[in-house]
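Student: Can you walk me through this one? I'd like to go piece by piece.

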There are 2 protein chains.
Amino acid sequence: MARLVMKFGGTSVADIACIRNVARHVKREVDAGHEVAVVVSAMAGKTNELVGWCREAAALHDAREYDVVVASGEQVTSGLLAIVLEGMGINARSWQGWQLPILTSNAHGSARILEVNGAELVRRFKARGEVAVISGFQGTYKDSGRITTLGRGGSDTSAVAIAAAIQADRCDIYTDVDGVYTTDPRVVAKARRLVKVAFEEMLELASLGAKVLQVRSVELGMVHNVRVFVRSSFEPPQDIDPLSNHPPGTLICDEEEIVEQHVVTGIAFSKDEAQISVRHVPDKPGVAAAIFGPLADSNINVDMIVQNVSADGATTDLTFTVPAADYARARDTIASARSAIGYERLDGATDVAKVSVIGIGMRSHAGVAASAFKALAERNINIRAITTSEIKFSVLIDAAYTELAVRTLHSLYGLDKDQGA
Amino acid sequence: MARLVMKFGGTSVADIACIRNVARHVKREVDAGHEVAVVVSAMAGKTNELVGWCREAAALHDAREYDVVVASGEQVTSGLLAIVLEGMGINARSWQGWQLPILTSNAHGSARILEVNGAELVRRFKARGEVAVISGFQGTYKDSGRITTLGRGGSDTSAVAIAAAIQADRCDIYTDVDGVYTTDPRVVAKARRLVKVAFEEMLELASLGAKVLQVRSVELGMVHNVRVFVRSSFEPPQDIDPLSNHPPGTLICDEEEIVEQHVVTGIAFSKDEAQISVRHVPDKPGVAAAIFGPLADSNINVDMIVQNVSADGATTDLTFTVPAADYARARDTIASARSAIGYERLDGATDVAKVSVIGIGMRSHAGVAASAFKALAERNINIRAITTSEIKFSVLIDAAYTELAVRTLHSLYGLDKDQGA
């Protein structure tokens, strides 16, 4: 017997037929003798409808009232799933964020979970064999007793936080893909599903564009060591993957649980990047702050930052990337601060892409990045900038070469399907 | 300065444009210096959608989960109206039933309000001039902390209960009609809007088919002496009725507040009636119980009951009416209990209608019913059965004569528009 959290997103609960499918997944686990808490999102499209109404009601709306409106979507799904489960003879009840309670900060619209009280859930597992059906995405701010929401994708975070609170053996995230891949299968046909991936790797993969899980939920899983299993809600549930002895999916877990370590786990990429280079800025303290302060004030998200050691000891070049949509605004922001920064010239490009190679094994393997540079050079792909961290490195290249670069690196590191697990 | 509750139903909040119209009504009262609590229903059609999902989820659904699903409709409206009001510069916040709280019985799906805590609302009226926007139709059961709903039309009851709790000067029910009429204007073109009507009269009018207000809300208004004002949400709000010095509408109030008393206030009618007569039943104790017990067990609602004093001292006839839809089932129920009842024959008819004459003035005026019987006889309308109470009498007639009977009585008692106020 295990204790499980099962999380289902909007497309998995889009209508009553879908909710019945979800209930069959739950029944399977209950029949296997497990204690189950289910976390649900709003029915697909509902959150957009509710958000649309808030926007129509007022351009600048009170985030506290926005939360009242938007949280209703999950409330509906939790009640409906409880009804379907009871119709199948399963003892179940719904829980809203304020009932459990799930206590959050008061940052309405993007609140952070502070504390989940899972004691009553555990008591009911034991006393009544009751399945808990919990509205994801929502909580309550203790001091005011008002409804809060966690921001888009927040149900993943709800699920992991609840799993931590009830000390679940695993948190299963049911989604419309069957796991996390070595790269985007639409770009590289030979992309493989990963059987296991370490929390740290998943953080890099998720924030770099593998849109499977909300980043915050992975952080939370890492902190509380909650094993998170990403799987498809559309697969026949009885399938067992011979590689993992699990159903098809990807387990996100502590690196110690990953026995067969690969040097590289996956290749992520992002095409919506723009590059800005600030030329010949004085090489003195405070320059980086003079550049990135105004960008932060303008709410522009800066990603890669590259600053080389000054060659002449007097001036240096500084390169960074921003989302392509913010390119013009970012240039204007820097130009406005020119006197404070004291640069000579501003260069930039919007047709650039970032390709990242991620793997915990890099920590202990030398030469991983060097082999990538060589392989890209052989394909005549020019590298504009490079950044590295403990478990990943990223290169900035011309956007036109993105697919070629990703395929090249995917083969280089032995990630192609026919190269074995 | 007054303290007001303003209640808006589903058609008044059907979309954001409608909600803006509601907000203008609220602003008018706020600008006039009043303290305002607003009670809202779900957007038109939303409750039906939510109920439909519950039914699709399971034929026999848990009423506690039904309440979770259905109460979300009012939650959405309360948040949206608060957003629109704040957008107009009015200090406002939404309240759900569990937040105030509105404590109810645990009869999920048709709960009764037990207690409303209005202290925080009053504190905020005084401290911040804040408008309270409250979800109607919902509350919470104290012992479980779960969401309850009051059943269809429950928002009227919420509004009156809140008005009682905060000792409001008036509870305004905004609806798609502009008040309570002497009878259905579609049947009698000369029907007049009533300026004032006593609680007791409204109870009879409402339960007899004038579908303006939920009966329970009128009862509650009577018990707590909450003046309830029915008015249209589509009228230009600045109109003042010269007769009442109010905007157009009907005030439901204590009879002592009604100075110009009429003998008859209104004529109600109902066409969906069926009549069943049980002939020659033994005139002894327990017979009525033998007939109406099985009907109650079958959940058949019996309306008129007529039993005359036995002529021969041995047997009597007993007539009653049921909703036309239950006619066949009611006959079968009686037939099954024939040996227990011991009747001789069962007669019945479905083409019958009930016409009722209501007026508090009847208490002190003799001959009110007699003049009706005479007028109906002159029109050759046969009376099948008669029942009377303190402030009303009802006749059962052939359905084909309904409109003629209603018009005849409407004129007889001086209710026609051209006969003055």
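Tutor: One definition before we start. Two strands pair if DSSP finds at least two bridges between them. With that in hand, B:Val228 stands opposite B:Ile252 in β12(B). Keep in mind that the model is predicted.

Student: How many bridges join β11(B) to β12, and which way do the strands run?

Tutor: Three bridges link β11(B) to strand β12 (residues 250-253) of chain B, and the two run antiparallel.

Student: How many of the five residues of β11 of chain B are buried?

Tutor: Four of the five. The strand covers residues 228-232 of chain B, and with that count it is largely enclosed by the rest of the structure.

Student: Switching to a helix. Which residues of α10 in chain B are buried?

Tutor: B:Ala330, B:Thr333 and B:Ile334 are the buried residues of α10, which covers residues 327-336 of chain B. Down the axis of α10(B), they fall within an arc of 95°, so they line one face of the helix.

Student: And which exposed residues sit on the face turned away from that?

Tutor: B:Ala328, B:Asp332, B:Ala335 and B:Ser336 are the exposed residues there.

Student: How do β13(B) and β16(B) pair?

Tutor: Antiparallel, over 11 bridges. B:Val278 has B:Leu346 in β16(B) as its bridge partner.

Student: What about β13(B) and β15(B)?

Tutor: Those two also run antiparallel, joined by eight bridges. Here B:Val281 has B:Thr316 in β15(B) as its bridge partner.

Student: Over to chain A. What's the strand order in the open sheet of eight strands?

Tutor: The order is β3-β6-β2-β1-β9-β11-β12-β10 in chain A, with mixed pairing. At the edges are β3 (92-95) and β10 (196-198) of chain A, each pairing on one side only. Neighbouring strands are turned by 20° against each other on average, direction ignored.

Student: What holds strands of a sheet together in general?

Tutor: Strands pair through backbone hydrogen bonds, either parallel or antiparallel.

Student: Which sense do β2 and β6 of chain A take, parallel or antiparallel?

Tutor: Parallel, with four bridges between β2 (residues 35-40) and β6 (residues 131-135) of chain A. In that pairing, A:Val40 is opposite A:Ser135 in β6(A).

Student: How many residues does the contact take from each chain?

Tutor: 27 from chain A and 27 from chain B. On the chain A side, α1 (16-31), α2 (46-57), α3 (63-70) and α4 (72-87) each supply at least two residues. The largest share, 11 residues, comes from α4(A).

Student: Why say the copies meet through the same surface?

Tutor: Because 100% of the interface residues of chain A are also interface residues in chain B.

Technical notes: Residues are numbered from 1 along each chain as its sequence is written. Chains are lettered from A and ligands numbered from 1 in the order in which they are written. This is a predicted model: local features need pLDDT of at least 70, side-chain atom pairs count only at pLDDT 80 or more; totals for chains, interfaces and linings use all residues. A residue is buried if 20 or more other C-beta atoms lie within 10 Å of its own, exposed if 12 or fewer, and partly exposed in between; C-beta atoms are placed from the backbone. The arc is that of the directions from the helix axis to the C-beta atoms. Two residues are in contact if their C-beta atoms, placed from the backbone, lie within 7 Å. Axes are lines fitted to C-alpha atoms, for helices over the stretch in contact, and angles run from 0 to 180 degrees between N-to-C directions.
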